Amino acid sequence: FFFQAEDGIRDLQGDWSSDVCSSDLAATKGILRAILWHQGESNTYGGRYADYPKLLEEFFTRVRKDLGDPALPIIAGELGEFLDPAQYPMARQLNQDLHELADIITEMQVVSAKGLGCLKDELHFDRSAVIELGKRMCAAYKEVRSEEHTSELQSPCNLVCRLLLEK
């Protein structure tokens with residue numbers, strides 16, 4: 001299932017039952033294999049970062065509980081190195097905190113955005129970076145779960161279809 005928080009991590013503290021319902025629907029069509037998390041830059045400026053690590057840890061705990069799988073893998077992607085620190089002052093801290101969360105949250109991996117390119121807006125990953133990030137997320141998932149079905153993950157294009165919702 002897909003969840004987009006328009007106002008950053010604070011949006012995730014409210015009622016998101018419709019998203020859990022969409023995951024229930026997904027579960028009837030396949031098996032939920034992991035949570036792919038990629039935070040945007042919205043929490044890295046304007047005083048929005050203060051509680052981010054704590055709120056994210058609480059969110060992951062709640063999602064796993066609500067989905068009935070306390071060991072559901074979480075694969076998180078770093079923000080791009082290309083973000084301007086003057087404009088997004090907490091971007092590097094967010095990446096560091098993701099790694100620290102992975103040290104305390106079981107079955108969580110963080111994938112590096114090192115060396116990935118961006119669009120002209122210097123905010124979003126470019127096409128090749130998105131593909132590479134998908135490959136890195138797939139590799140991280142394989143590391144977390146060495147089940148036999150991971151051998152079917154040959155292409156980053158299959159990442160969403162086969163990693164998250166496998167028939």
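1. In which order do the three strands of the open sheet stand, and is their pairing parallel or antiparallel? The order is E2-E3-E4, and the pairing is parallel, where two strands pair if DSSP finds at least two bridges between them. Helices (H or I, at least four residues) and strands (E, at least two) are DSSP runs, numbered from the N terminus.

2. A word on the basis of this note: the model is predicted, local features need pLDDT of at least 70, side-chain atom pairs count only at pLDDT 80 or more, and totals for chains, interfaces and linings use all residues. Residues are numbered from 1 along each chain as its sequence is written, and side-chain values use heavy atoms, with hydrogens and water left out.

3. At the edges of the sheet stand strand E2 (35-38) and strand E4 (108-111), each with a single partner strand, so one side of each has no neighbour in the sheet. From one strand to the next, the twist averages 20°, and such angles run from 0 to 180 degrees between N-to-C directions, with axes being lines fitted to C-alpha atoms, for helices over the stretch in contact.

4. Strand E3 (residues 74-77) runs parallel to E4 and is joined to E4 by four bridges. Alanine 76 has valine 110 in E4 as its bridge partner, while isoleucine 75 has glutamine 109 in E4. The chain passes from E3 through H3 to E4 in a right-handed β-α-β crossover (with the strands pointing away from the viewer, the path from the first strand over the helix to the second runs clockwise).

5. Helix H3 lies across E3 and E4, at about 155° to E4, and contact here means heavy atoms within 4.5 Å. Helix H4 (residues 127-144) lies across E2, E3 and E4, and also runs at about 155° to E4.

6. Helix H2 (residues 52-67) packs against helix H3 (residues 91-104) at an angle of about 40°, with the axes 10 Å apart. That angle makes H2 oblique to H3 (under 35 degrees counts as roughly parallel, over 145 as roughly antiparallel, 65 to 115 as roughly perpendicular and the rest as oblique). Among the residues that meet are Tyr52 and Leu56 in H2, and Leu94 and Ile104 in H3.
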